[in-house]
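Welcome, and please get your viewer ready for a short walk. We will select one spot after another and say what is there.

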Amino acid sequence: MNRTSKDVCLLCGFKPSTKKNSHWVPAAMLKSMVGKRYNEESYQFSSFQKRKLDVYYGRDNLKNTDTTIKQNHYSLDYIFCDDCENKLGVLESAVIPVIQNEIRLERKRPNYKEELGEDGITLKKCLRLNNNIFRLFIYSIVWRFSLIHQLEDNIQLISKDLQEDLRLILNESLSLDLKEIIENDSIHSLVFQVFTADSFDDGTEGTVYSEEIHKDPALFFVNEFIILFYGNEYTITGEYYFPIERMIQSVDVLNSKDDHPKIGFISNASFNELINRIFGDGAKVILTSLTNSVASCTGLSFIESRYHLYKLGMDIHQKTGSNIIQSFEEAAELICSNN
Ligand SMILES: [Zn+2]
């Protein structure tokens with residue numbers, strides 16, 4: 001993606017996209033994950049991206065052996081104009097403290113109402129957060145995720161129509177100030193659930209992830225949060241594994257415009273299981289696609305290709321210490337370049 005400040009802003013479609021370093025995942029949502037500034041460790045992971053598993057270490061993180069400064073995964077230059085970026089920032093500062101920073105604090109307890117859903121999932125209603133603002137914030141995350149995947153990797157996480165609907169809703173609503181947003185009862189109500197874990201193991205590692213495998217609902221991992229996004233109606237297609245399946249079925253956690261914003265809670269163990277599962281699934285998809293490319297550039301059978309790929313990949317992994325996926329990618333490139 002080669003954009004310049006002369007391109008038009010992707011949100012308003014009107015002003016030039018002058019803003020550098022636009023976060024497509026709000027920086028405040030990465031804070032808990034990245035811990036201390038410059039001590040970040042984050043994973044950008046999508047089964048279809050060119051660098052399938054790209055690990056970003058902040059410059060002071062001990063695991064960072066690379067002296068070149070990498071751009072943070074979650075920010076890009078020249079996608080928005082300064083105005084749109086600022087307006088997104090207003091939503092972010094209204095929502096993130098409530099749903100993330102304060103939701104587990106004892107002294108903030110009166111700001112939430114804890115309920116046990118019929119299906120046994122605990123949820124918290126955010127009494128001090130307006131539903132319109134919450135909704136627009138979630139739309140903005142889903143839209144930015146979808147936009148970036150489309151731009152960078154030509155991946156369509158939600159349908160093009162829905163993506164454009166979100167842009168229109170955001171563009172229209174963000175021209176209002178917060179008070180007007182709260183009073184506006186015509187903001188289109190789309191269906192989604194937001195989950196987090198009751199606790200996290202440590203605050204230095206997290207996952208920002210989505211994929212095009214799942215559509216109804218589409219799945220968005222945003223560090224501490226999992227957003228399940230359905231679009232216009234609550235329909236479920238496709239197979240989902242535990243605990244996602246259980247989260248999807250939790251109708252009590254569905255956001256309703258006539259109620260307070262809701263955050264569902266899953267256990268720390270379920271959250272970890274989910275992350276591991278996603279990495280495992282992604283790795284399988286990647287290996288199959290690399291095997292196919294080796295087969296097509298060498299003319300070998302799928303089984304033979306997999307054998308060569310595996311042998312060389314493991315060799316690279318052991319010698320260089322690069323992560324397995326990167327090692328297999330290198331192996332595939334090497335095999336193909338020798339053919
Ligand atoms: Zn703009």
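**Stop 1: helix 2**

Start by selecting helix 2, where Cys84, Glu85, Leu88, Leu91, Glu92, Val95, Ile96, Val98, Ile99 and Gln100 are buried. Buried means under 20% relative accessible area, exposed means over 50%, and partly exposed lies in between, with a 1.4 Å probe and protein chains only. Helices (H or I, at least four residues) and strands (E, at least two) are DSSP runs numbered from the N terminus.

Before going on, a word on what you are looking at. This is a predicted model, in which local features need pLDDT of at least 70 and side-chain atom pairs count only at pLDDT 80 or more, while totals for chains, interfaces and linings use all residues. Residues are numbered from 1 along each chain as its sequence is written, and side-chain values use heavy atoms, with hydrogens and water left out.

Stay with helix 2, which covers residues 82-101, and look at Val95: a kink of about 35 degrees lies there, shortly before the proline Pro97. The bend at a residue is the angle between axes fitted to the seven residues ending there and the seven starting there.

**Stop 2: the zinc ion**

Next, select the zinc ion. Which protein donors does the zinc ion have? They are Cys9, Cys12, Cys81 and Cys84, each through its SG atom, lying 2.3 Å from the ion. Donors are N, O and S atoms within 2.8 Å of the metal (3.2 Å for Na, K and Ca); water is not among the atoms, so sites may look incomplete. The arrangement is tetrahedral because the four donor atoms subtend angles of 102 to 117 degrees around the zinc ion; for four donors, the term asks that all angles lie between 85 and 135 degrees. Along the sequence, the donor residues follow the spacing C-x2-C-x68-C-x2-C.

From Cys12, go to Leu168: the two are 156 residues apart in sequence and 8.4 Å apart in space, C-alpha to C-alpha. Leu168 belongs to helix 4 (residues 160-173) and is partly exposed, with a relative accessible area of 41%.

**Stop 3: aromatic pairs**

Now show the aromatic rings; the structure holds eight aromatic pairs. Rings of Phe, Tyr and Trp (its six-membered ring) pair if their centres lie within 6.5 Å; planes under 30 degrees apart count as stacked, over 60 as edge-to-face and the rest as tilted.

Select Tyr139 and Phe192, an edge-to-face pair with 6.3 Å centre to centre and 80 degrees between the planes. This pair links distant parts of the chain, with Tyr139 in helix 3 (residues 131-153) and Phe192 in strand 7 (residues 191-197), 53 residues apart. Both Tyr139 and Phe192 are buried.

Then select Phe145 and Phe220, also edge-to-face, at 5.4 Å centre to centre and 80 degrees between the planes. Phe145 lies in helix 3 and Phe220 in strand 9 (residues 218-222), 75 residues apart.

**Stop 4: Ser250**

Finally, pick Ser250, in the loop between helix 6 (244-249) and strand 11 (262-266). Is Ser250 buried or exposed? Ser250 is buried, with a relative accessible area of 0%. Leaving aside residues up to four places away in sequence, Ser250 touches Asp119, Ile121, Gln193, Phe195 and Tyr234, where contact means heavy atoms within 4.5 Å.

Terms used
Four donors count as tetrahedral if all angles lie between 85 and 135 degrees; four count as square planar and six as octahedral if opposite donors are over 155 degrees apart and all others between 65 and 115; anything else is irregular.
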